[in-house]
Each structure stands twice: as structure tokens, then as C-alpha cells.
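Dear colleague,

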Amino acid sequence: MEFNDKVIIISGASSGIGAETARLLSSMGGRVVLVGRNQERLNNVVADIIKAGSPTPHAIVADVTKDCQRIVDETISHYGKLDVLVNNAGINIEIPIMDATTLQYEQIFDTNVKSVITLTKLCVPHLEKTNGNIVNVSSICGMVPVYSSTFYSMSKAALDQFTQCAANEFGRKHIRVNSVNPGLIETPIFETVGMSPDEIKTFIEENGKKYPVGRIGRVSDISRCIAFLASERAEFITGTLLKCDGGAVSAAAY
Ligand SMILES: NC(=O)c1ccc[n+]([C@@H]2O[C@H](COP(=O)([O-])OP(=O)(O)OC[C@H]3O[C@@H](n4cnc5c(N)ncnc54)[C@H](OP(=O)(O)O)[C@@H]3O)[C@@H](O)[C@H]2O)c1
């Protein structure tokens, strides 16, 4: 299988896009390291993977803003190598600029940007040994301004530039660096930003009508893009920001 015996760290694997990516890459033979703060949700994803008959994953309860060194050390001591880093953990706080605080700015940037830089720096010496690669999960919000998500949009724009700079710098080390930039994807992130179930339902329906393909995204839309970029099929692709948005940006439907 495509990821047979490849060791893959996935941050934010306890939910949404990260959880689906863990399920998919495990089903393709990958030895997946799931990272998240919520032990119960991580355990649920581990159980899904074992139930599907995929290789037993390794879960690390950790906060990417504090525990990057432990995440990498534990991965290497458990598996002895690293092939792929998927920087997926991310948060949004929806708030207009005039109400937002610098603490919120720091929370978003610490999670969405600083942790990616830290994990990348710690993983590069290991990825160099395996001709490995990095896939960052960004957003179309890094490409277009989104109302009330200013700090989030800024963080994803910074992440996109980091992806391209890192691809440039690590190319000679035979490490590829790419990102997937999703449009709206149905995940628990909408609950996390404080929307009620009714608001989420309306939000999904209304936005689906605006998207050229007639729906917003599913987690499987994104996990398949991550799998492609992380695989050898993408061996000549680096520094790419892959929009996966049902045409939303092209149609200005964000
Ligand atoms: N859903 C969308 O519409 C959408 C669109 C574009 C881009 N994205 C991006 O896709 C990525 C995944 O989002 P999602 O929609 O799947 O959201 P989600 O379901 O809320 O999942 C977010 C994941 O990030 C983890 N996480 C957050 N802060 C963390 C921290 N400090 N340390 C460790 N893990 C942390 C969470 O785990 P714990 O809570 O267990 O720590 C969770 O597993 C994010 O980068 C997001 O910006 C999402």
C-alpha cells in the first residue's frame, strides 16, 4: 500500500480533518502518530483505526503550543524514524477587529503558525534521513479576507508564506513542503467557534448554495488531497498551495 511502514505525525488528529486523515493514511498502510489535547476523542479515532484493521496507531496527548519536543521525541523513540509531518491543528476565534484582543491574536498565531515552525524545525533532521515531506493544512482564508476572522486569515496567510519559504529552503535536503487550503468543510470547528446546531445547519445550507459545486466540503475531500501531496505520486510537487474549495475562491463565494 502507498504508505506502507511510513511514519506520519498528524497534529489535531482528534477531530475533523485530522481524524479523517489519520483514518485514511492508516488504511493505506501508514504508521500514524495522532496528536491532540483531548484524550477521549483521540482514543475514539484510535479505536476506529483498529476496528478498520489498519496498523495500530500511536496517540500522543499533547498541546502543539507547548509540547513539540515531546511529540517528536516520542515518535522517534516509538517508531525510530519519521516520513511525513501533517501540520493540521488549528483554531479560529471569530471576532471583529475592534472587539478582538492581542491575547486572541497570540492564541491563534501560537497554534496556527508558531507551532508549525517549531514542529517543522524539530522534524527536518528526521525527514532529511527519509526524503520525507510536510503537508500544512491552511485555508482559503489565507488567500482572501474573511469577515470577522482577521487574525485567523492573517495566520493562514503567514502559514502559506512559511510553506513556500520552507519548500525553497528544504528542497536541497530532499524534503518537500506543501499545503492544502480548504474552503468551508463540515467539521466540529463550527461548534468550537460558538455556533449553535441551528446556526450550523443554516450556515452549511446557505454556503453550499453559493459554492459552484453546490455544497461545502467534506473531511474526505481534504484527507485525499493530503494523502496525494504526502505520497510519492507528488514527488515533483513542492511549495504548492493546493486549494480544495469546490471553486469558492474562483467564484468569490467565500
Ligand atoms: N473546517 C473548515 O471549514 C476549515 C476550513 C479551512 C481550513 N481548516 C483548517 O483545518 C484544520 C483542522 O480543522 P477542523 O475543521 O478539522 O477543526 P476541528 O474539528 O476543530 O479540529 C481541530 C483539531 O486541532 C486540534 N488542536 C487545536 N489546538 C490544538 C493544540 N493547541 N494542540 C494540539 N491540538 C490542537 C484539536 O484537538 P484537541 O482539541 O484535542 O486539542 C482538533 O483535533 C485547521 O488548521 C483549520 O484551520 C478548516
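The notes below take up the sheet, the helices beside it and the nonpolar cores.

Please note that this is a predicted model, in which local features need pLDDT of at least 70 and side-chain atom pairs count only at pLDDT 80 or more, while totals for chains, interfaces and linings use all residues. Residues are numbered from 1 along each chain as its sequence is written, and side-chain values use heavy atoms, with hydrogens and water left out.

Helices (H or I, at least four residues) and strands (E, at least two) are DSSP runs, numbered from the N terminus. Seven strands form an open sheet in the order β3-β2-β1-β4-β5-β6-β7, with parallel pairing; two strands pair if DSSP finds at least two bridges between them. The edges are held by β3 and β7 (241-244), each with a single partner strand, so one side of each is left without a neighbour in the sheet. From one strand to the next, the twist averages 15°; such angles run from 0 to 180 degrees between N-to-C directions, with axes fitted to C-alpha atoms, for helices over the stretch in contact. Strand β6 (residues 176-182) runs parallel to β7 and is joined to it by four bridges. Within this pair, Ser-179 has Leu-241 of β7 as its bridge partner.

Two helices lie across the sheet strands as follows. Helix α2 (residues 39-51) lies across β2 and β3, at about 160° to β2. Helix α3 lies across β1, β2 and β3, at about 155° to β3.

In α3, the residues Cys-68, Ile-71, Val-72 and Thr-75 are buried, that is, under 20% relative accessible area with a 1.4 Å probe, protein chains only. Seen down the axis of α3, its buried residues fall within an arc of 90° and so line one face of the helix; the arc is that of the directions from the helix axis to the C-beta atoms. Their cover includes β1 (7-11), β2 (31-36), β3 (58-61) and α4 (102-130). After α3 comes Gly-80, with a positive phi near 80°.

A nonpolar core is a set of buried Ala, Val, Leu, Ile, Met, Phe, Trp, Tyr and Cys residues joined through side-chain atoms within 4.5 Å. The largest has 29 residues, and Ile-8, Leu-34 and Val-180 are among those with the most contacts inside it. Helix α8 (219-230) is one of the elements that each supply at least two residues of this core, and α8 gives the most, with seven. Apart from this core lies another, of 23 residues, including Ile-60 and Cys-123.

Definitions and conventions. Buried < 20%, exposed > 50% of the residue type's maximum accessible area, 1.4 Å probe, protein only. Contact = heavy atoms within 4.5 Å.
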